[in-house]
Amino acid sequence: MSTASCATTAAQVRFKGTVLTCTVLEVSQFDAVEFAREVSAHVASAPEFFRAVPFLLSLESHTGSLQGFPILELLGICADVSLHVIGVRAGSPEVEQLARSAGLPCLPVNASRERGERRPDAAAGAARPPEAVPSTARLIRQPVRSGQQVIAPDGDLIVMAPVSAGAEVLAAGNIHAYAPVRGRALAGIRGDTSARIFCQSLEAELVAIGGCYQVVEQTPDSGWRQAVVIELFDDKLTINPLPGARAEG
Amino acid sequence: MAKIIVVTSGKGGVGKTTTSASISSGLAARGHKTAVIDFDVGLRNLDLVMNCERRVVFDFVNVIQGEAGLNQALIRDKRLDTLYILPASQTRDKDALTKEGVEKILVELAKSFDYIICDSPAGIEHGAMMAMYFADEAIVVTNPEVSSVRDSDRILGILQSKSRRAENNEEPIREHLLLTRYDPQRVENGQMLSVQDVQEILSVPLLGVIPESQAVLNASNQGIPVILDEKAPAGMAYEDAVARLLGEDRPQRFIEVPKKGFLHRMFTG
C-alpha cells in the first residue's frame, strides 16, 4: 500500500534545480516616510514592471546596525505599493527570524559581497556598469589547433595564426584574426554586445557575439572566405566586408 | 645526446608503423645508431613489419617494470647493424607505461644512440601521450583525407601543449608533416585533398609525400621496411624524407601525375 502511494507521489512531483535572474531591492538605510516616498516614486515610473516582477529584499548594503531593524514595517510599505517581495537576504539572525515569521524565506548572504566587494552607490534595481579597468589584449602567434581553446577573459584577442576547425577562440572584447578562422569565434563572452569579430578570411563553423550565435554558411553572400567584420545589431549578427577588402570569393 | 622523434597521427591506419620502420631503417642505413620503440602496448605490430617477431623474448613493459634489462629486450636488426628494435608487450595494456618508466628507458637509450624513434599508438589516450611526451621532434603522419587531417591537427595541438617541452617552457617540438597514401591522379580528379590543401589547413613544414603504392603492403607482409625497396616510389619517397629530416634539401618527386609515354598514349588513346 505504502509503495503504491510512493509511486503516485513520485509521478506528480519532481524537484529540479534552476537558475534565474531576480531583481534585488537593496536598502542602504531605512526611514519609513522617506522609504515610502522613494519606493512609490519608483513604482509610479514603471507600474507595469513593478506589478509583474518579484523582488528579493537585501539588507546587505545597509549602513549601521541591523539590531531591532523594523523589517515588518518595511515589508508593510512594500505591500502597500504592490512590491512583491519573495525573500529576504539580511545576514542578521534577528531580522531573518522576523522575516520568517512574516512567511518569507531567507537566503544566505552573497558570498562575493562578504569578501568586501560591496558598492554602496548601487541604486535599487539599476544595473551596475562594468568596471572601467583598462583591458589587456591577448596575442596568439601559434596556430590554434582542433580541440584547443584560447580565451582572452578580460579584453581583446588578437590571433595571427590559423584557428583550425574544431578549435575555439573566445574573448570578453573583440576578436581580431589575421589568418583564416575555421573553428568557432566567440566575442563579448561576458555579455558585451558591442564586441566585434574582425577576420581576414571567414571560414568559421560558428560565430557569436554577446551570447548571440550563428553558424556560418558557406556561400559568398555570407562572407565566406572573405575579410569581414561581424557585428551585433538588434540581437541579429550581421556580416559585412571589411572596408577596403576585395569582395570576391 | 640522442634525438627523440615521435611518429604520430591521432587517426589509426594511416601508416605510423610503416613510417617508423622506414624512417628508422633509413637513419640506420646512413650509419646513425638508431632505436625504434613500439609504444602500441597490447597491439604489437612493429616487430612484424621489421620481421623480428620470432626473436621477441622481453619487451618494453618488462624493462619498465624491471623484469629485464634494456640490452636483453633490444633486438638488433638482421639487415642493419646500427638498428635496434624495442618491441611492445602483447599481453599488457597501455597503463603499464608510466612517465617515470618511459623516461628512465629513454635516458638510458640516449647515452648510446643517435636517434630514438617512438612509434605511437593511434588515439590521444595514455599510450599516445607517453610516446610523444619526451619528443624533440614529431613526424605527423597524415592521409589526404579530411578526418585524418582533423586528427593530425588535434595531435599537433597536444604536442604543443602537453609535451615535456611545452610544460617546461622549452623550445617547442619541431613538427614535420608526412603525407602518406597520396594518389596524384585522384587529386587531379578532385577526389582527394592536395598537398597544398593539407598544408594550408595544418601549416606545418612538409617532410615528404609518400605515394599510394602496392609495394607498401607487400613490404609489410614480408617484414621488410619499404624504404629498403629502392625501386618502389614509396621507398624512394621515404629515402627523400629521411634526407630532409637530416637537413638535406630535396625536391618533392611524387606529387604530380606521371606523364604517359608516347607508346602508352598511342595504345590507350
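In the predicted model, the side chains of R30(B) and E248(B) come together in a salt bridge, with a distance of 3.2 Å from N to O. This pair connects distant parts of the chain, since R30(B) lies in the loop between α1 (16-29) and β2 (34-38) of chain B while E248(B) lies in the loop between α12 (233-245) and α13 (262-268) of chain B, 218 residues apart. Through shared partners, salt bridges unite R30(B), E239(B), D240(B), E248(B), R250(B) and R253(B) into one network.

Over all chains, the count of salt bridges comes to 25. Side chains of opposite charge can pair when their charged atoms come close. One of the pairs in chain A is formed by E96(A) and R100(A), whose side chains meet in a salt bridge with an N to O distance of 3.8 Å. Both residues belong to helix α5 (residues 93-101) of chain A, where they are 4 residues apart, or about one turn of the helix. The two partners fall into separate accessibility classes, in that E96(A) counts as buried at 16% relative accessibility, while R100(A), at 48%, counts as partly exposed.

Also in chain A, E60(A) occupies the loop between β2 (54-58) and α4 (71-80). With a relative accessibility of 8%, E60(A) counts as buried, and its side chain is joined to that of R89(A) by a polar contact of 3.5 Å. Elsewhere in chain A, strand β11 (residues 206-209) and strand β12 (residues 212-215) run antiparallel and are joined by 4 bridges, with I209(A) having C212(A) as its bridge partner in β12(A). These two strands form a hairpin with 2 residues between them, and G210(A), located in the turn, has a positive phi of about 55°.

Chain B contains 13 helices and 8 strands, and 54% of its 269 residues are buried. Among the contacts in chain B with a separation of 6 or more, 75% involve residues 24 or more positions apart. The chain exposes about 12,400 Å², of which 48% is supplied by carbon and sulfur atoms. Within chain B, strand β7 (residues 174-182) is largely enclosed by the rest of the structure, because 7 of its 9 residues are buried. β7(B) pairs with strand β6 (residues 137-142) of chain B in the parallel sense over 6 bridges, and with strand β8 (residues 206-211) of chain B, also in the parallel sense, over 4 bridges. L179(B) takes part in both pairings, being the bridge partner of T142(B) in β7(B) and having V209(B) as its own bridge partner in β8(B).

At the interface between the two chains, 12 residues of chain B are in contact with 11 residues of chain A. The area buried between chain B and chain A is about 890 Å², and carbon and sulfur atoms give 38% of it. R150(B), D153(B) and R154(B) supply 45% of the area that chain B buries against chain A, more than any other three residues. Between chain B and chain A the count is 3 salt bridges, including the one that D153(B) forms with R145(A), in which the closest N and O atoms are 3.1 Å apart.

Definitions and conventions
Residues are numbered from 1 along each chain as its sequence is written. Chains are lettered from A and ligands numbered from 1 in the order in which they are written. This is a predicted model: local features need pLDDT of at least 70, side-chain atom pairs count only at pLDDT 80 or more; totals for chains, interfaces and linings use all residues. Side-chain values use heavy atoms; hydrogens and water are left out. Buried means under 20% relative accessible area, exposed over 50%, partly exposed in between (1.4 Å probe, protein chains only). Contact means heavy atoms within 4.5 Å. Accessible areas come from the Shrake-Rupley method with a 1.4 Å probe; for residues, only the protein chains shown count as cover. Two strands pair if DSSP finds at least two bridges between them. Buried area is the accessible area (1.4 Å probe) that two parts lose on being put together, summed over both. A salt bridge is a side-chain nitrogen of Lys or Arg within 4 Å of a carboxyl oxygen of Asp or Glu. A polar contact is a pair of N or O atoms within 3.5 Å; within protein, one must be able to donate a hydrogen and the other to accept it, and residues adjacent in sequence count only if both atoms are side-chain atoms.
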